[in-house]
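Biologist: I am new to this structure and would like to learn how to read it. Could you show it to me, and then take me through a few features?

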Amino acid sequence: MVVETIYVTRHAFRVSYTLDTTTGEYHTNSPSPTNIPSDPPLAAYGVQQSHELAKALPKLHPPVDYLYSSPFYRCLQTLQPAIEKLRPGIKVRADNGIGEWYGVASFNHPSPATPDFLKSLFPFSFDDTYQVSIIPPRCGESIAQLHDRVAIALTHIIASVDAESKTKDAAILICTHAATLIAIGRALTGNMPDDPNVDDFTAPTAGITKFVRKQNLERDADKPSSHEVAKGIGSAGWRNGKGVAGGWTCVLNGNCDHLKGGAERSWHFSGEETFGDFTAGPQTVSTESERLLSLSGQHRKARM
C-alpha cells in the first residue's frame, strides 16, 4: 500500500500584492480573508480557473486519494471547487513544507494563517489534525535551501501516506506555488540542474503535472533522519538522479488542456531573491513579465 502517483498543480490566478523592500511591509488593495496582505485570494479569473480545474481532477487516473496544499489561502481556495467532486470525505492537509518561497531578507516574511483560523474559513474540508513536516525560516531561503526544504516535506508526506493508505496504488494531489512546484519536480526526479534558472518543470496557473513512482527501488533509502526533519536540515539525499522515496518520473508537465485560456503565468527562477538593506523602494512581487488575462484584458506583472 504505497503512493504510486503524485499530481501537482499551481494555485489559480491570484490578486496582486506589493512589498516595500526597505521596510518588509506587504500591501494589497484587496483585503485577504486571512488579514495577511501577502496572502491574497484568487482574482475573479482565478476562481474561473479553479472551477475548470475541478472538472478535470475527477477524470485523472489513478483517482486522487489525498489532498495536500500550501497553507496560503490562494492554494486552499483553488482546491475548494474540487472537494465535493473527489473521494467522499476527503480533506485538505496544509503543510508549510510545500508553502511559498520567499528570498533571503533582513526582515521576517509573513507566516500563513494558523490551522485553527484556516479551519474557520474552510470548516468542512480543512484537516486541522495534520502535523506539518517542516516550517521554513521566516527570514527567507536561498534557492538551494528551498529545494532541500521541499525534499524533506515530500519525504514526510510520502512516508505518511505509504503508512496509512488502504489503497493499493494511492495518488496524492498537491496544490502549491510556482517556485515550490519546480522544486517539487526536481526533488521527486532527483534532477537538480547546475543552473536553477533553466526551464525544466513548467508552472502555469491551475495546470496539472504528474509524477509516477519508479519501481523496484528501496523506498526509504533517502529518507532523512528524524533529527534532520525536526531541525529542517539535510539535503535528504535526493540529488544526482536519486529523487526522494526511490525516485519518480514526470509523465505530464504543466498540462492545461482543461483550461479555456490555456497555459498562463508560467514562471521560472531568475536568480536568488534578496530583500533588505541592499534593495530599495516598494516593488510588485514579480521576477518577470508574464502574460495575464484579467477582467480588463490588460497585461500586468505578477509572481507566485
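Biologist: Thanks! How many disulfides does a search of the whole structure find?

Modeller: The search finds 0 disulfides, a disulfide being a pair of cysteine sulfur atoms within 2.5 Å. Cys75 is in none, and the nearest cysteine sulfur, that of Cys175, is 4.3 Å away. Before we go on, please keep in mind that this is a predicted model, in which local features need pLDDT of at least 70 and side-chain atom pairs count only at pLDDT 80 or more, while totals for chains, interfaces and linings use all residues. Residues are numbered from 1 along each chain as its sequence is written, and side-chain values use heavy atoms, with hydrogens and water left out.

Biologist: Is Cys75 buried or exposed?

Modeller: The general idea is a cut-off on relative accessible area: buried means under 20%, exposed over 50%, and partly exposed in between (1.4 Å probe, protein chains only). Cys75 has a relative accessible area of 0%, so it counts as buried. Cys139, at 36%, is partly exposed.

Biologist: How many salt bridges does the count come to?

Modeller: A salt bridge is a side-chain nitrogen of Lys or Arg within 4 Å of a carboxyl oxygen of Asp or Glu. By that rule there are 8 salt bridges. One of them joins Glu100 and Arg74, at 2.7 Å from N to O. Glu100 sits in the loop between strand S5 (92–94) and strand S6 (104–105), and Arg74 in helix H2 (residues 73–83), so the pair ties together parts that are 26 residues apart in sequence. Helices (H or I, at least four residues) and strands (E, at least two) are DSSP runs, numbered from the N terminus. Glu100 is buried at 3%, and Arg74 is buried at 0%.

Biologist: Which residue pairs with Asp148 in a salt bridge?

Modeller: The partner is Arg239, again with 2.7 Å from N to O. This pair links distant parts of the chain, 91 residues apart: Asp148 is in helix H4 (residues 143–164), and Arg239 is in the loop between helix H6 (226–231) and strand S9 (248–255). Salt bridges can also share partners, and in that way Asp39, Arg74 and Glu100 form one network. Asp39 lies in the loop between strand S3 (25–27) and H1, and is buried at 0% relative accessibility.

Biologist: Which residues gather in a patch of positive charge on the surface?

Modeller: Lys55, Lys59, Lys85 and Lys260 do. Patches are made of residues with over 30% relative accessible area and no salt bridge, with like charges joined within 9 Å and nonpolar side chains (Val, Leu, Ile, Met, Phe, Trp, Tyr) within 5 Å. Lys59 is in the loop between helix H1 (44–56) and strand S4 (66–69), and at 70% relative accessibility it counts as exposed.

Biologist: What should I look for in the backbone?

Modeller: Most residues other than glycine have a negative phi, and most peptide bonds are trans. Here a cis peptide bond joins His61 and Pro62, with omega about 0°, and Pro62 is in the loop between H1 and S4.

Biologist: What is the phi of Asn240?

Modeller: Asn240 has a positive phi of about 60°, although it is not a glycine. It lies in the loop between H6 and S9 and is exposed, with a relative accessible area of 76%. Arg265 also has a positive phi, near 60°, but at 3% relative accessibility Arg265 is buried.

Definitions and conventions: Accessible areas come from the Shrake-Rupley method with a 1.4 Å probe; for residues, only the protein chains shown count as cover. Lys and Arg count as positive and Asp and Glu as negative; His and the chain ends are not counted. The place of a charge is taken as NZ of Lys, CZ of Arg, CG of Asp or CD of Glu.
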